[in-house]
Amino acid sequence: MRINTAALSRATIGTISAVTLITIIAELSKPFKTLLTNFSGNHWVAKSSISIILFAVLYLLLPKVMADKNEVQKETTRVIATTIIAGFALLLFFVWHFVTEA
Amino acid sequence: MVHPLVGIHAAIGELGVLAFLWVLVELLNPTEPRIKRAKIAAALGTLFFLMSWVTGGYYYVAYYGPNVKPIIKSGPAPWAHGVAMEVKEHVFLFLPFLSFLTTGLVYRYKNNLIKDTGARKSVLLLCALIVIIGLSIAGMGFVISTGARAALEGKIV
């Protein structure tokens, strides 16, 4: 089976973005965090499970709606930019959250 | 007593980082044998990150949450949990997917990585990103351990 690099890149971007958003929303909304905890007993386990399912679904569905244009450098740049932005967003959010909660 | 799983999880995670550093080195000046080794290293690195995910997750849920987290939060460096652990446990979730993508690129392009500089640069940058994130996570692990130690020392003195 030929690996679809565009779908793989977009699935990675979608998963990293979703993990970041779910994490921040869960910290700001107690009911949402409770929902995640009820899903699997622990909010982090729920995020892990959601990320695996989302990654698989995105990778399987995306090739049906987008062609693999072989723009690997462009796709990788998007992945790296998303990862850096998401990482710093989480860092800044948790610093802010810790300072305002204390 | 320090739970052995924390060491196992950290060691497996570091092996994952080293595997992607290996991929990076092999692809700096790729040849067919080097690409063959890079494929093995990338697959091993992905496997190590998956194993680290499971062992770290079990340790976090079964031991860290009920035993270590309350100690750190009551100690002199509660930010070791509030910031370092929170960032670490969530940024870690990026690594298995970045390693899947990198491994996918190495297996898709194979020997074309010799001539296709665009694909090769992409894999090299992804490997560098994985190594930087992995080492940062190890650093955050040290900060969290220090937070726990400082809290325990405060209780003894």
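Visitor: What should I know before we start?
Guide: This is a predicted model, where local features need pLDDT of at least 70, side-chain atom pairs count only at pLDDT 80 or more, and totals for chains, interfaces and linings use all residues. Residues are numbered from 1 along each chain as its sequence is written, chains are lettered from A in the order in which they are written, and side-chain values use heavy atoms, with hydrogens and water left out.

Visitor: Welcome news! How many helices and strands does chain A have?
Guide: Helices (H or I, at least four residues) and strands (E, at least two) are DSSP runs, numbered from the N terminus. From that end, the elements of chain A run α-α-α-α. The count for chain A is therefore 4 helices and 0 strands.

Visitor: What percentage of the residues of chain A count as buried?
Guide: Buried means under 20% relative accessible area, exposed means over 50%, and partly exposed lies in between (1.4 Å probe, protein chains only). Chain A has 102 residues, and the buried part of them is 43%.

Visitor: Is T83(A) buried or exposed?
Guide: T83(A) lies in helix α4 of chain A. Contact means heavy atoms within 4.5 Å, and, leaving out residues up to four places away in sequence, T83(A) touches I16(A), F94(B), L98(B), L129(B) and I133(B). Because its relative accessibility is 2%, T83(A) counts as buried.

Visitor: Which residues form a nonpolar patch on the surface?
Guide: A patch is made of residues with over 30% relative accessible area and no salt bridge; like charges are joined within 9 Å, and nonpolar side chains (Val, Leu, Ile, Met, Phe, Trp, Tyr) within 5 Å. One member, L91(A), is found in helix α4 (residues 72-101) of chain A, and at 34% relative accessibility L91(A) counts as partly exposed. Together the patch has about 540 Å² of accessible area (Shrake-Rupley method, 1.4 Å probe; for residues, only the protein chains shown count as cover). Its members are I84(A), F88(A), L91(A), L92(A), V95(A) and V99(A).

Visitor: What area do chain B and chain A bury between them?
Guide: Buried area is the accessible area (1.4 Å probe) that two parts lose on being put together, summed over both. The contact takes 32 residues from chain B and 38 residues from chain A. F94(B), F97(B) and R108(B) supply 24% of the area that chain B buries against chain A, more than any other three residues. Between the two chains, 78% of the buried area is on carbon and sulfur atoms, and the total is about 3,000 Å².

Visitor: Which side chains meet in a salt bridge?
Guide: A salt bridge is a side-chain nitrogen of Lys or Arg within 4 Å of a carboxyl oxygen of Asp or Glu. The count between chain B and chain A is 1 salt bridge. At 2.8 Å, N to O, the partners are D68(A) and R108(B).

Visitor: Which element gives the largest share of the side of chain B that touches chain A?
Guide: The elements that give two or more residues to that side are α2 (32-74), α3 (79-91), α4 (94-109) and α5 (117-156) of chain B. With 10 residues, the largest share comes from α4(B).

Visitor: How far apart in space are R37(B) and V61(B)?
Guide: R37(B) lies in helix α2 of chain B, and at 36% relative accessibility R37(B) counts as partly exposed. In sequence, R37(B) and V61(B) are 24 residues apart. In space, C-alpha to C-alpha, the distance is 36 Å.
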